[in-house]
Amino acid sequence: MAAPGLKYRRVLLKIGGESLAGERAFGIAPLAVQALAARIVEALELGVELAVVVGGGNFWRGGEHRNINRATADYIGMLGTVMNALALQEAIERLHVPTRVQTAIEMREVAEPYIRRKAVAHLEAGRLVIFAAGSGNPYFTTDTAGALRAMEIGAEALLKATKVDGAYTDDPMTNPNATRIERTTYLEALNNGLKILDATAFSLCMDNNLPIIVFRLEDEGSLVRVLAGDQVGTLVAA
């Protein structure tokens, strides 16, 4: 049963593959995965129903490989997300939390195929569900897969974990005068050119009135505070 005071009871957390690489530029760093798993388990202990979509940028970015057919490059990237999902599953289950990986590309020896009703049943049974292989289609990012899965499972919000603590008026890495935006509407985000999600994912959220929260997962307790409805990062809503 969910703890009292939670604002969100079922959410989807979108994690970039870089979160599993730690200080490395490539691959999986065990300590980074363990830290990530601990933050997720801390949130699960509140009784929230949590699903995760993980990217594969620590292995491969399909759109950047110009000498490979784009569809082939995207499929390679999807396989990278499966490796990340399995690593995250292992780390979370070491913390005694039942976890299921579901993939949009069938590979039954290592994960379940994605079935919406089965995913929802896992969530209702208290299991963490990790969605891998994106949407199973080339030319679509894992951001789009996150928005799609969030709506399919009836999530109340899409939580986008990033390297910075929200959306800014400019790139805070290059402009020290950039200010963080605490709350904005979908239309304001579009008009101001805020890069919250890719265009397809953002349109899916806007058309279906799905709130987006951009925050930094590495900050201590940030995920728990988001679930409680505290002002963390940037909220994008109608």
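The buried residues of helix α4 are covered by elements that include β1, β2, α2, β5 (128-132), β6 (157-161) and α6. The model is a predicted one. Of the 11 residues of α4 (residues 142-152), 8 are buried, so the helix is largely enclosed by the rest of the structure. These buried positions are Thr142, Asp143, Thr144, Ala145, Gly146, Ala147, Arg149 and Ala150. At the start of α4, the backbone nitrogen of Asp143 has a side-chain oxygen of Thr141 within 3.2 Å. Just after the helix, Gly154 adopts a positive phi of about 75°.

For the ring of Phe131, the corresponding distance from the charged end of Arg149 to the centre is 5.9 Å.

The largest nonpolar core comprises 43 residues, and Leu13, Ile40, Leu159 and Leu227 have the most contacts inside it. Helix α1 (residues 30-44) is the element that gives the most to this core, contributing 7 residues. With neighbours within four places in sequence left aside, the contacts of Ile40 are Leu13, Ile15, Leu50, Val52, Leu88, Ile92, Leu128 and Leu223. Another core, of 28 residues, lies apart from it; Tyr186, Ile196, Ala201 and Val236 are among its members.

Across the whole structure, 3 aromatic pairs were found. One of the pairs, Phe26 with Phe59, is edge-to-face, with 5.7 Å centre to centre and 85° between the planes. This pair links distant parts of the chain, 33 residues apart: Phe26 belongs to the loop between β1 (10-15) and α1, and Phe59 to the loop between β2 (49-54) and α2 (70-93). Phe26 has a relative accessible area of 54% and is therefore exposed, the cut-off being over 50%. In a further pair, the ring centres of Tyr186 and Phe202 are 5.9 Å apart and the planes lie at 75°, so the arrangement is edge-to-face. Because Tyr186 is in helix α5 (residues 186-191) and Phe202 in helix α6 (residues 199-207), this pair ties together parts that are 16 residues apart in sequence. Both Tyr186 and Phe202 are buried. Tyr186 is also among the residues of the 28-residue core, and α6, which carries Phe202, is among the elements covering the buried residues of α4.

The count of salt bridges comes to 13. Side chains of opposite charge can pair when their charged atoms come close. Glu90 has a relative accessible area of 42% and is partly exposed, whereas Arg94, at 61% relative accessibility, counts as exposed. In the bridge between Asp219 and Arg216, the closest N and O atoms are 2.9 Å apart. Asp219 is partly exposed at a relative accessible area of 30%, and Arg216 is partly exposed at 28%. Arg225 pairs with Asp230 in a salt bridge whose closest N and O atoms are 3.8 Å apart. Relative accessibility is 39% for Arg225, which is partly exposed; Asp230 is likewise partly exposed, at 39%. Salt bridges also link Arg10, Glu49 and Glu124 in a network.

Glu112 is located in strand β4 (residues 112-113). Its relative accessibility is 16%, so Glu112 counts as buried, the cut-off being under 20%. A polar contact of 3.1 Å joins the side chain of Glu112 to the side chain of His122. His122 is also listed among the residues in contact with Glu112 once neighbours within four places in sequence are left aside; the others are Arg100, Val101, Gln102, Thr103 and Lys118.

Definitions and conventions: Residues are numbered from 1 along each chain as its sequence is written. This is a predicted model: local features need pLDDT of at least 70, side-chain atom pairs count only at pLDDT 80 or more; totals for chains, interfaces and linings use all residues. Side-chain values use heavy atoms; hydrogens and water are left out. A salt bridge is a side-chain nitrogen of Lys or Arg within 4 Å of a carboxyl oxygen of Asp or Glu. Buried means under 20% relative accessible area, exposed over 50%, partly exposed in between (1.4 Å probe, protein chains only). A nonpolar core is a set of buried Ala, Val, Leu, Ile, Met, Phe, Trp, Tyr and Cys residues joined through side-chain atoms within 4.5 Å. Helices (H or I, at least four residues) and strands (E, at least two) are DSSP runs, numbered from the N terminus. Contact means heavy atoms within 4.5 Å. Rings of Phe, Tyr and Trp (its six-membered ring) pair if their centres lie within 6.5 Å; planes under 30 degrees apart count as stacked, over 60 as edge-to-face and the rest as tilted. A charge sits over a ring if NZ of Lys or CZ of Arg is within 6 Å of the ring centre and within 35 degrees of the ring normal. A polar contact is a pair of N or O atoms within 3.5 Å; within protein, one must be able to donate a hydrogen and the other to accept it, and residues adjacent in sequence count only if both atoms are side-chain atoms.
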